[in-house]
Amino acid sequence: MSVRELVVLGTASQVPTRHRNHNGYLLRWDGEGFLFDPGEGTQRQMLRAGVAAHDINRICVTHFHGDHSLGLAGVIQRINLDKVPHPVSAHYPRSGQRFFDRLRYATAYRETVALLEAPVDTDGSLVRTSGYTLEARRLSHPVEAYGYRVVEPDGRRMLPDRLAAHGVKGPDVGRLQREGSLNGVALEDVSEVRRGQRFAFVMDTRLCDGVYALAEGCDMLVIESTFLDEDESLAVEFGHLTAGQAAGVAREAGVRHLVLTHFSQRYTDPAEFERQARAAGYEGDLTVARDLDRIQLPKRRA
């Protein structure tokens, strides 16, 4: 059975608090795992969340500020210590190659796993597999930053009434799906497009074109909301979003499930982020993330 869920390992911005660890997010996508922005303490949070090194297939770093990357050293060494049986790919801004190198080789250890470096330096598709395309878009932050998007290819949904009307049944249904036509009946005659799922991960950024491109039509959008709306001037100065801005993006992009995270330690009431997101007009499913949350992706659109 396919599993698609977000495991939240940490939700703090800049510094951890008593209740929030540095950033860290694992997206389970069927048989693969995407580890986003492993901040300090990620290895410990993985243990608490029941996430193993074997669950990681790709590491995606948005930028090289410490709260998004200081956990890389420990995670990479754990992958090697546990002798993960598959290659692990690492995506990160090419401009931060020197930081990646320092974190990868921060201390001595025995390398047992193929870690494939795949730095990002432009918008577009990074990887295409049969199950998804991984995309990146440039964001607006004081250091170079990219957001990531996972897109499932569109499929087709067979329509029983049309199959019956064309006399297609039994093994012929599978043959029609594989071959595209059968005895004068085209696949398009008895099916409709089933839109693939879309997931986006947007961290430190001001509002910019990249944010909207990543969020467009997503089933789940994980997005920073470092500040509340009354501190918008700070958000602009330091390259961040407010709760209302993040929710406005989700509203305009048609996001089905909005996950707010990356909260400044200056705020003590998480409910205020939800109130401001709703005040911005977002009406879909909304989660104000907490450490160790497990959030299921919505079911495919009907």
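What percentage of the 302 residues of the chain count as buried?

Modeller: Of the 302 residues, 54% count as buried, where buried means under 20% relative accessible area with a 1.4 Å probe and protein chains only. A word on the basis: this is a predicted model, local features need pLDDT of at least 70, side-chain atom pairs count only at pLDDT 80 or more, and totals for chains, interfaces and linings use all residues. Residues are numbered from 1 along each chain as its sequence is written, and side-chain values use heavy atoms, with hydrogens and water left out.

The chain has 10 helices and 18 strands. These are DSSP runs numbered from the N terminus: helices are H or I with at least four residues, strands are E with at least two. The radius of gyration is 21 Å, close to the 19 Å of the globule rule for 302 residues, so the chain is as compact as a globular protein of that length. That radius is taken over C-alpha atoms, and the rule is 2.2 Å times the number of residues to the power 0.38. The C-alpha atoms fill a box of roughly 65 × 50 × 35 Å along the principal axes. Among contacts (heavy atoms within 4.5 Å) between residues at least 6 apart in sequence, 67% join residues at least 24 apart.

Now the core itself. In soluble globular proteins, nonpolar side chains tend to be buried together. A nonpolar core here is a set of buried Ala, Val, Leu, Ile, Met, Phe, Trp, Tyr and Cys residues joined through side-chain atoms within 4.5 Å. The largest one holds 31 residues. Within this core, L221, I223, V255, L258, L260 and F273 touch the most other members. Two or more residues each come from β14 (198-202), α7 (209-215), β15 (220-224), α9 (243-253), β16 (257-261), α10 (271-279) and β17 (285-288). The biggest contributor is α9, with 6 residues.

Take L221. Setting aside neighbours within four places in sequence, L221 contacts A200, V202, A215, A250, V255, H257, L258 and V259. Apart from this core lies another, of 25 residues, including Y25, A136, F199 and I295.

D37 sits in the loop between β3 (32-36) and α1 (42-49). D37 counts as buried, at 0% relative accessibility. Beyond residues up to four places away in sequence, D37 touches N23, G24, C60, V61, T62, H68, F201 and M203.

Technical notes: Buried means under 20% relative accessible area, exposed over 50%, partly exposed in between (1.4 Å probe, protein chains only).
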